[in-house]
Amino acid sequence: MSENASCDLPRASRTHQPDIRVSFEFFPPKTVAMEALLWESINRLAPLGPSFVSVTYGAGGSTRERTHSTVARLAKEGVVKPAAHLTCVAAARKEIDSIVQGYWDAGVRHIVALRGDPQEGVGTKYCAHPEGYESSCALVAGIKRIADFEVSVSAYPERHPESLSLEADLDFMRAKVDAGANRAITQFFFENEIYLRYRDRLQERGVDIPIVPGIMPMQNFKQTAGFARKAGASVPQWLADRFEGLDDDPQTRRLVAATVAAEQVLNLVDHGVRDFHFYTNNRADLVYAICHLLGLRPKLEQKAA
């Protein structure tokens, strides 16, 4: 072995990693079986000590009650800090304000404030409720008027599909910060240069809140690539090449997915990023494996060591 062999180790193999903070996103269950999977996933990932876990919210409030019950249970049990997604879609301000107050009363202190997708689906025109919040900026300001919530908002490194330009999108992010946003969580991306350029341009505009990269492990490449196209996120050819020929080989696909996501995160760590938000799809094993590669260990295991 050469004298400098340790310098040639893969990035994920180095023993002294900087502190990495993670958060996890789940969606509310639609069936009893899905509810069991959700809580199994939460219990699997909770020992890693996430900063928070967020629970999504369907268009037009289609999962509103399930989101509320899931988040309220998390707040009551106190194992992890919950964040509730909330949208402006198809609801009057009075109704949304009541939901916000209900979260505060249930012990929830963090809301992910989103405009939400159009009721007719991505790609159709968004129409605000005539008595509702017209934008995510207005929603953030409304939440802050009710109580001192921590408020996270969405960010789009490749611009929101409905934005006229990236410049307009950057200006809108600045407006969300001015309305009271404490953190931004990005749409997933696969080229780190896209995120780093976006972060730098926001900083030039005086946006000083954390811009947390959203990481999407490839549970299923074809499905994720299709969703990415609808969401305006690019899928590079090199990534497609990694998964080529694995459509009927889920075991190898998971191994490749874990490696790709860990490589992406570790490269961002090299650029000074420390906080990461994982879109889990309510499946914990792949995300747990990625976190292990990043050097995260269960808190109880760390205390016992």
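User: Starting from strand β6 (residues 183–186), which residue stands opposite Ile-185 in β7?

Analyst: Strands of a sheet pair through backbone hydrogen bonds, either parallel or antiparallel. In this predicted model, where local features need pLDDT of at least 70, side-chain atom pairs count only at pLDDT 80 or more and totals for chains, interfaces and linings use all residues, Ile-185 stands opposite Val-212 in β7. Residues are numbered from 1 along each chain as its sequence is written, and side-chain values use heavy atoms, with hydrogens and water left out. Strands β6 and β7 are joined in the parallel sense by 2 bridges, and two strands count as paired if DSSP finds at least two bridges between them.

User: What is the strand order of the sheet, and which strands are at its edges?

Analyst: The order is β7-β6-β5-β4-β3-β2-β1-β9-β8, an open sheet of 9 strands with parallel pairing. The edge strands, each pairing on one side only, are β7 (211–212) and β8 (214–215). In the protein there are 11 helices and 9 strands, read as DSSP runs numbered from the N terminus (helices H or I, at least four residues; strands E, at least two).

User: Which strands pair with β1, and through how many bridges?

Analyst: Strand β1 (residues 21–26) is joined by 5 bridges to strand β9 (residues 275–279), the two running parallel, and here Val-22 faces Phe-276 in β9. With strand β2 (residues 53–55), β1 pairs over 3 bridges, again in the parallel sense, and Glu-25 has Ser-54 as its bridge partner in β2. Between β1 and β2 the chain passes through α1, and this β-α-β crossover is right-handed, that is, clockwise from the first strand over the helix to the second with the strands pointing away from the viewer.

User: Where does Thr-56 lie, and what is it in contact with?

Analyst: Thr-56 lies in the loop between β2 and α2, and at 18% relative accessibility it counts as buried. Leaving aside neighbours within four places in sequence, Thr-56 is in contact (heavy atoms within 4.5 Å) with Glu-25, Phe-26, Phe-27, Pro-28, Thr-63, Thr-67 and His-85.

User: Which residues of helix α4 are buried, and what covers them?

Analyst: In helix α4 (residues 136–146) the buried residues are Ser-136, Cys-137, Ala-138, Leu-139, Val-140, Gly-142 and Ile-143. Their cover includes the strands β3 (82–87), β4 (110–114) and β5 (150–155), together with the helices α3 (93–105) and α5 (166–179).

User: How many cavities does a search find, and what lines the largest?

Analyst: Rolling a probe the size of a water molecule over the atoms shows where empty space is left. The search of the whole structure finds 3 cavities of 30 Å³ or more, a cavity being a set of points on a 1 Å grid over the protein atoms alone where a 1.4 Å probe fits but cannot get out.

Conventions
On a 1 Å grid over the protein atoms alone, a cavity is a set of points where a 1.4 Å probe fits but cannot get out, and a pocket is an open set with protein on both sides within 12 Å along at least five of seven lines; lining residues have an atom within 4 Å of a point. Grid points are joined across faces, edges and corners, and a volume is the space filled by probe spheres set on the points. Buried means under 20% relative accessible area, exposed over 50%, partly exposed in between (1.4 Å probe, protein chains only).
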